[in-house]
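The following note concerns the structure shown below. Please read the numbered points alongside it.

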Amino acid sequence: MLRFEDILDAVERYHPKADEDLLRRAYIYSAHAHRDQLRSSGEPYLVHPIGVAMILAELKLDEVSIATGLLHDVLEDTHTTKEELAALFGGEVAELVDGVTKIGKYAYTSREAQQAETFRKMLLAMTSDVRVILVKLADRLHNMRTLEHLREDKRRTIAAETLEIYAPLANRLGMGRMKGDLEDLSFKYLYPEEYASLTAAVDERMRASAAAVERLRQELLAKAAEAGIDAEVSGRVKRYWSIRQKLIRQSIPLDQLYDVLAFRVLVDSVRDCYTVLGVVHQAWRPVPGRFKDYLAMPKQNFYQSLHTTVVPEGAPPFEVQIRTREMDIVAEQGIAAHWKYKEGRLDPKVDEARIAALRQILETTKDVANPREFLSSLKMDLFPEDVYTFSPKGKVLSFPRGATPVDFAYRIHTDVGHHCVGARLNGRLVPLKTPLKNGDIVEVLTAPNAQPSRDWLSFVATSRARNKIRAFLNTKEKEKSTEIGRRLLERELKKARKSLGKLIEARAFDPLLPELGVARMEDLFAEVGYGKVAPRLVVARLFPAAEPPGPERSPGRADAIRKAVRKILPIGSPGIRVRGEHDLLATLATCCRPVPGEEIVGYVTRGRGVSVHATACPNVRNLLFDPSREIEVEWQSSRDASFTVDLEVDAEDRPGILAKVTQVLSAANSNIEALEVRTRRGDAALITGSVTVPDRKHLDKLLAAIRGVAGVTGVRRKFNVSRLSGE
């Protein structure tokens, strides 16, 4: 068990002049504030702040950061105030602790809204002081290391959030070791059976080849020495999550993956890096297309290295990474490697360059009010960018894999994106949805009268492009719906022999607007145009004496939604209802086929009622460009109900593989509605099918069982992205 003295010893080794008194006072205060609290493991809560502080000390951060690590939960979990922290430890520590603290959960209607605002606050805080995110990453890493003490559902939720946001954030800051640790720990808790199977297979493979690995390492050392290079050579196993993703992406078994093992060569200078590269290529044949020069063109997170894959005589291919010792420290620790103790802060140049990307994320998402859209944009912005393209003038722009000329156009300027009509890649005309590749020279073609298409949302890969397209479509959609709503309301008023213009002039609608949940007449017209408020209801509210006799109903927006939606709603699906409306069912979207236990969202469509999607459905981010058409829905208990899901299974093309998968499905009491197998390139096969499950928990167990089948390399839920159900 860690002790406070262990932290002091670690700090002393790299920062002898650290303010020990500050650290000791922070430790004592934290111990007192958390004295009556226990962790889920039954240990004293203080174990966690000490663990976080030790991770920060291992990153060689300053005493203010480590004091923040010791105090990071006192605002959230105790009665301590920010003012009290400032008085005791100074404003710098108080601001950092506040930046790490979550937004209060009682201020928001949903966990998603709370999560979105917490991340927005954290982004804002770390653009002025990056130590906020360093403390937060250390906090998350320690929590992930002790995650086994939580319930399974909480483990999965935290692991998924870590994989989607915190690990990519660490990558953006160049913190390779932190990123790898977070990904592997998330893998362990999200897919425990698959994790156990893969780690056992990789470890066995490395044990079997230990002698060969050492022989190759010595050979690399000898060849570098012959060239007069003072080098360090180490062999390393690729991260388990990285291996898993590569197996899925390439649809291959583990024994066909080249770079499970990689050798890292550390030298003194850039010149030595290229010299060693020449030595390696002279000794072994390089694999075409596998050479990457991140020295001449560093990654956006400042990662620099030479990567090449070579084939030795009579042995499997292996990867060689070549970089300077300083580059290696930066690759492992990222922004934390540039801490300057004399100035007491980051190197200003490094600080500004790295934080610029985070400021851009904040700028891109600042106008995104919908929590789901914000989180979606944040995840997209944090995705590693590793496709490098050129403008016709030679400017280098990097994008995430899958980016298209439309993403390129919006990166240049919003107006260029809005008026984009075509593109040339390397001088050749291509469709706008063509994925960009490394080295492409991109020329965007525009026309003055061109406008964004809603189809673009199905293939753009950057949040900047997606948010700009959504904003444009939202404006146009609202203008159209406002005009339709005005006409519908005008027609309904004519039946009552009333004039819309005169009623507006007399401000007759003013008392009604708050009841219907809108602020202006334009908003009311838009609600009517969308189908969320019936024009007959508006007239009935304006002239209640004209209503036919009947039971009294409380007026309001909920009643408007109920009447408007029930009028157009098709036969509903069991187990779903619009939240707060107990007599109103909704329809499950066929593109994602959500099952009980999943987070869901309703979408008011034109003429087809409420379409219910899983929030993980790729179509949700395309549909919800207008948050006003979103409506809250919830699961209700439904005994003996079954729900159909579509699955895809990657497997080796071997006899009996389909029978084995079928046996697993039958043993899990899942009815098979369809199942087929198709062979792919090499020795791979793709099994697709539809099965029934009662809920998400059953589905998770089923996926885990399929992953355990010998010969299966991956299994996933299939979403039909092009099938915009109920749009």
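1. A salt bridge is taken here as a side-chain nitrogen of Lys or Arg within 4 Å of a carboxyl oxygen of Asp or Glu. The model is predicted: local features need pLDDT of at least 70 and side-chain atom pairs count only at pLDDT 80 or more, while totals for chains, interfaces and linings use all residues. Residues are numbered from 1 along each chain as its sequence is written, and side-chain values use heavy atoms, with hydrogens and water left out.

2. Under the salt-bridge rule, the count is 40. One of these joins Asp328 and Arg323, with an N to O distance of 3.0 Å. Both Asp328 and Arg323 are buried, a term that denotes under 20% relative accessible area, against over 50% for exposed and in between for partly exposed (1.4 Å probe, protein chains only).

3. Lys136 and Asp139 form a further salt bridge, at 3.5 Å from N to O. The two residues lie 3 residues apart in helix 9 (residues 131–145), so about one helical turn separates them. Helices (H or I, at least four residues) and strands (E, at least two) are DSSP runs, numbered from the N terminus. Lys136 and Asp139 are both buried.

4. Between Arg244 and Glu194 the salt bridge has an N to O distance of 2.9 Å. Because Arg244 belongs to helix 14 (residues 240–250) and Glu194 to helix 12 (residues 192–208), this pair ties together parts that are 50 residues apart in sequence. Arg244 counts as buried because its relative accessibility is 7%; Glu194, with a relative accessible area of 10%, is buried as well.

5. A network of salt bridges links Arg156, Glu598, Arg696, Asp700 and Arg717.

6. How many residues of strand 16 are buried? In strand 16 (residues 600–604), 5 of the 5 residues are buried, so the strand is largely enclosed by the rest of the structure.

7. Which strands pair with strand 16? Pairing requires that DSSP find at least two bridges between two strands. Strand 17 (residues 610–614) runs antiparallel to strand 16 and is joined to it by 5 bridges; in strand 17, Ser611 is the bridge partner of Tyr603. Strand 18 (residues 630–631) also pairs with strand 16 in the antiparallel sense, over 2 bridges, and there Ile631 stands opposite Gly602.
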